[in-house]
Amino acid sequence: MAELTGSEIIAKCLAKEGVADLFYIMGGPMLLAEATCIKEGIRMIDVRHEQAAAFACQAYSRLKQIPSVCMAASGPGVTNLVTGMANALVDCCPVVAFGGSSPLSQFGRQVFQEIDQVELMRGCCKYVDRLINLKRIPQQINFALQKAMTGKPGPVYIDCPGDMLYQKIDENLIDWSYAGRPLVDSRPLGDPRQVAALVSALQKAERPLIVSGSGVIWSRAWSEMQQFVEASGVPFYTTPQGRGVVPDDHEYSYLAMRSSAFRDADLIIVLGTRMNYIIGHASPPRFGPNATIARIDIDSAEIATAARYVDIPIVGDCKAVLGQLLEGIKGKITPGNYKAWRQKLHDGEQQKRSAAGANRPAEDGDIHPVRMLEAVRDFANRDAILCVDGQETLNFGRQTMPTFSPGHRLNSGPFGTMGVGLPFGVGAKVACPDKQVIVVHGDGSMGMNAMEMDTAIRHKIPLLIVISLNGGWTGDPKREKPGRDLGYMRYDLMCEALGGYGQYVTKPEDITPALERAQKAVDEGRVALVNVRTDYRARFSGASFSDYST
Ligand SMILES: Cc1ncc(C[n+]2csc(CCOP(=O)(O)OP(=O)(O)O)c2C)c(N)n1
Ligand SMILES: [Mg+2]
C-alpha cells in the first residue's frame, strides 16, 4: 500500500491536468508540492515576486486560452499574490493560485504566518476553496480549473493548510476519477429569435459598428469575427487588449476615427466585452443616445446588469453566435449596405492621418515617446507579442503601435495596474517561445517588477525590453506632481549586472540601431534592454478613461 501526502497529490493532479508550466516562489508549507511538481516534469519557473507569478500566468493564459497555475508560500507569499489575482479578476483571466497556509489544526492560535487568506482572496477571485480532505484534492483541483475557465473566465484561489499538505493517505482511497477530467468546451448558441432580431436591425441600420473585446479571444472566435466583418462590411473596433482578433490594418478598421465612429453609430454590436468604462459603458456622451445596442456575451448576468439597456441581448458563445449571424445575413446583408458609412470613416481617417495631431512629436530636447514607439512599431515582427505598461507609454502606445494577431496585445488592462509589463513578457514568452516578445515599459512601472529580468535571464526566456525613460512617473510638463521624479534610472546597466544585454539611447537616430543590436542578443538567447531617454514633458492628450488621471 503506497501512501501519498497532500503535497504529492496536488503535484500529481496538476500533471494529470496537463499543466506544463508553473510560476512560483518557494516557501513553506509548499516545498514538497513544488518539489513533486518538478519530479512530475512540470516546468517550474521561480520568479522574484509572487505578484509577478500571477501576472506571468495571466499573459500565459491569454496567449494559450487555457488556465494557468501559480504557487505561493503562506502569509506574505499569499498577500503578495493579491494584486495579481485582482488584476486577473478585473481582466477576467483564468489564473489558478495555490497558497500555503498555517495548519488547520492550529487555526486561531496565532501560529506562524496565520492570516485569513481565504477571506483575503475572496474579493480578488471568481472562486476560492480550501483543502480539508485529502481524498477530495483531485476533485477540488479539477473544479478550480473548470471554474476558472467556464463562462466568463476568472481567477481561482486554493488555500492549502500545512497539515493537509503533509498528511498521508493510502493512494487507493483517493478518487482519481476527477483528475484530468476535460474542461467543458461548450459553445452555447444564441437564441434564434434574438439572432434574427440582430439580422433585421442590421438590415435597418445605416451606421453599424462592432465593439469587440477579449471574449473573442477566449472563445477563439477570431476567424469567425473576420469572416463576419468581411461578409457584412460592418466596421470594427476592439478594446485595447482585444486587439489583433482581426488585424489592425484590415480595410474595415478605421483606428483614427474611433471617437466619431462611436458617436455616430446607429447600431452598436457589443461582442464579447463588458460594457464598462473602457468603452464608455457604450453610453452617451461617447455613444449616441438613440443607437440600438446589441450584445453578444457568454454571461447572461453581464447582459442583464449592463450599464446601458441592451435592446438585443444574445447570450451565447462568440464563435457560435458569429456562425449563426454569418448564416443569418446570407442574401440579406452585403458590404454594399454600409458603403457610405465606411467611406465617411475612411475619409476622416485619411484626413486625420495627414494632419499633424496633438500627439505628434515636437522635439526640442529629449526624444518624444511617440518617436520611440514608432521605432519599436517599425522594428517589431508582424506577429510580435507586445506587452505595454506605464501611463504615457501605454496611452501613446495605444495610438502608435498596432497589433495583427489575436491575444498578442497585453496592456495594464482594465484594472490599470502598473508593473504588469515585464512579468507579462515572461509569461508570454513561456507560452509562445517562438514568437518575438517585446516589453515596452514606462520607467516607473518597470521598477515595480524589474527583478523579473533576473527570472528571464536565469530561465533563459529571451525578451526584448524597451524603456521610455522620462525620469519618473507619467509626463509632467509643469513639474508639479508629488513624488513624480525618479531620476534617469540606468535599467540598461541593471540588466547587464544581472547577466543581460543593455543599451542606453539619448538620440533619436540611435534607437533603431540599438533595437537591432538588442534583438541580436535576444536571438542568441539573452535578455536585452534598450533604455531610451524620453521627454518628461510629453503628456498624452486624448480620450480619457476616467474623471481623474495620474
Ligand atoms: C500598482 C499601481 N500603482 C500606482 C498606480 C498609479 N499610476 C498610474 S500611472 C502611473 C505612472 C506610470 O509611470 P511610468 O511607468 O514611468 O510610465 P510613463 O507614464 O512615465 O510612460 C502611476 C504611478 C497604478 N496605476 N498602479
Ligand atoms: Mg515614466
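## Helix 1 and helix 7

Helix 1 and helix 7 are oblique to each other, a word kept for angles that are not under 35 degrees (roughly parallel), over 145 (roughly antiparallel) or 65 to 115 (roughly perpendicular). In this predicted model, the axes of helix 1 (residues 6–16) and helix 7 (residues 137–149) cross at roughly 45° and come within 9 Å. Axes here are lines fitted to C-alpha atoms over the stretch in contact, with angles from 0 to 180 degrees between N-to-C directions. Helices are DSSP runs of H or I with at least four residues, strands are E runs of at least two, and both are numbered from the N terminus.

The crossing of helix 1 and helix 7 is right-handed, the near helix being turned clockwise from the far one by less than a right angle. On the helix 1 side, G6, I9, I10, C13 and L14 make the contact, and helix 7 brings I137, P138 and I141; contact means heavy atoms within 4.5 Å. Sorted by class, these are seven nonpolar, one polar and no charged residues (nonpolar: Ala, Val, Leu, Ile, Met, Phe, Trp, Tyr, Cys and Pro; charged: Asp, Glu, Lys and Arg; polar: the others, Gly among them).

## Helix 11 and helix 14

Here the axes of helix 11 (residues 222–232) and helix 14 (residues 318–329) cross at roughly 25° and come within 9 Å. That makes helix 11 roughly parallel to helix 14. Their crossing is left-handed.

From helix 11, E224, M225, Q227, F228, A231 and S232 meet K319, L322, L325, L326 and I329 of helix 14. This contact has seven nonpolar, two polar and two charged residues.

## The magnesium site

Which protein atoms are donors of the magnesium ion (ligand 2)? They are D443 (OD), N470 (OD1) and G472 (O), at 2.0 to 2.1 Å. Donors are N, O and S atoms within 2.8 Å of the metal (3.2 Å for Na, K and Ca), and sites may look incomplete because water is not among the atoms.

Along the chain, the donors follow the spacing D-x26-N-x1-G. D443 lies in helix 19 (443–448) and G472 in the loop between strand 17 (464–469) and helix 21 (491–497), so the pair ties together parts 29 residues apart in sequence. Both D443 and G472 are buried (under 20% relative accessible area; exposed is over 50%, partly exposed in between; 1.4 Å probe, protein chains only).

## K168

K168 lies in strand 8 (residues 168–170) and counts as exposed at 54% relative accessibility. Neighbours within four places in sequence aside, K168 is in contact with E3, L4, T5 and L134. The C-alpha atoms of K168 and G442 are separated by 49 Å.

## Conventions

Residues are numbered from 1 along each chain as its sequence is written, while chains are lettered from A and ligands numbered from 1 in the order in which they are written. Local features need pLDDT of at least 70 and side-chain atom pairs count only at pLDDT 80 or more, whereas totals for chains, interfaces and linings use all residues; side-chain values use heavy atoms, leaving out hydrogens and water.
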